[in-house]
Amino acid sequence: MKLFKTPKGNIIYTNNQAYKLPETDLNTLLNNDNLIQDLQDFINDTNRISLSEKELNTIALAPIKNQEVWAAGVTYYRSKTARMEESKGSGGSSFYDKVYEAERPELFFKSTAQRVCGPGENVRIRKDSLWSVPEPELTLVVSSSKKIIGYTVGNDMSARDIEGENPLYLPQAKSYTGSAALGPCIYITNEPLNLHAQISLSIFRKEKKAFEGHTTVAEIKRSFSELIEFLFSEMDFPIGCFLMTGTGIVPADDFTLKVNDRIEISIDGIGTLINEVGI
Ligand code: DO4
Ligand code: MG
């Protein structure tokens, strides 16, 4: 089932039907380890509303309330090679090679909830960056007890030139206004995610496709539980958190995003997150 946060309230979409949840708080919902079972109680004729998934996608807000957004890096081979290339001038490229092989993953703080862009909102390129890309990332919704409650689509916007100049600039390359987007919904399941689920990125410039790339969740080097264990090892998350799991798609080195580009990120079974690049 899918959970949409909308201006009409929190809405469940399952078996081609939408159901409005009465007065629910997203912080509580996303920290409920029995969420899928508890939501079944609301799937009845009284709560049914007439909205298609397409209509829900047009009104969806970022499916987050107060949780922090964290991110993992260099979890796909493609991310490792792209990073080694962008940082070769700074002498920092061996760090990416090492972290790809190391036991400890790269984890970094990405965004507060208040800074996250929802579907249809404008993401941004830093004004001091000449080389920026979106990073399409499967994003885990994790409860305070480390349970994966669901999955959403994430965009970890990144300034490749700033990170490439010096890996210590990572926080500036990764965290700025308009650098994180999530949505359109949270796919809630108790089943393990289909590893063959495809992740796709399309970038449109003046309605023409300027870039297209695909990968599958199976290409990830690390397990979700490994990432969660490291993230929670010395930090508690009383209302849970969102964890972007890294990118397996990086456009060629001569590609940079431009203002007005439209970014479409799709993950099979979850949905498509669409954002334009604003100023
Ligand atoms: O090492 C820098 C960040 C890596 C990242 O964001 C990714 O691999 O997705
Ligand atoms: Mg990333």
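The model is predicted: local features need pLDDT of at least 70, side-chain atom pairs count only at pLDDT 80 or more, and totals for chains, interfaces and linings use all residues. Residues are numbered from 1 along each chain as its sequence is written, while chains are lettered from A and ligands numbered from 1 in the order in which they are written.

**Exercise 1. Find which strands pair with β15, and whether its residues are buried or exposed.**

Step 1. Locate the strand: β15 covers residues 241-244. Strands (E, at least two residues) and helices (H or I, at least four) are DSSP runs, numbered from the N terminus.

Step 2. Look for partners, remembering that two strands pair if DSSP finds at least two bridges between them. β5 runs parallel to β15, joined by four bridges, and valine 69 has phenylalanine 242 as its bridge partner. β9 (residues 136-142) runs antiparallel to β15, again with four bridges; here leucine 140 stands opposite leucine 243.

Step 3. Check the two faces. In a regular strand the side chains alternate between the two faces of the sheet. In β15, Cys241 and Leu243 lie on one side, Phe242 and Met244 on the other, and all are buried. A residue is buried if 20 or more other C-beta atoms (placed from the backbone) lie within 10 Å of its own, exposed if 12 or fewer, and partly exposed in between.

**Exercise 2. Explain why aspartate 236 counts as exposed.**

Step 1. Count its neighbours. Aspartate 236 counts as exposed because it has 7 C-beta neighbours inside 10 Å.

Step 2. Compare chain and space: serine 145 is 91 residues from aspartate 236 along the chain, yet their C-alpha atoms are separated by 9.1 Å.

**Exercise 3. Describe how domain 1 meets domain 2.**

Step 1. Read the bounds, which come from an automatic or database domain assignment: domain 1 is 2-59 and domain 2 is 68-278.

Step 2. Take the centres over C-alpha atoms; 26 Å separate them.

Step 3. Count the contact: ten residues come from domain 1 and 18 residues from domain 2. Two residues are in contact if their C-beta atoms, placed from the backbone, lie within 7 Å.

Step 4. Name the contributors. On the domain 1 side, β1 (2-6) and α2 (35-40) each supply at least two residues, and β1 gives the most, with three residues.
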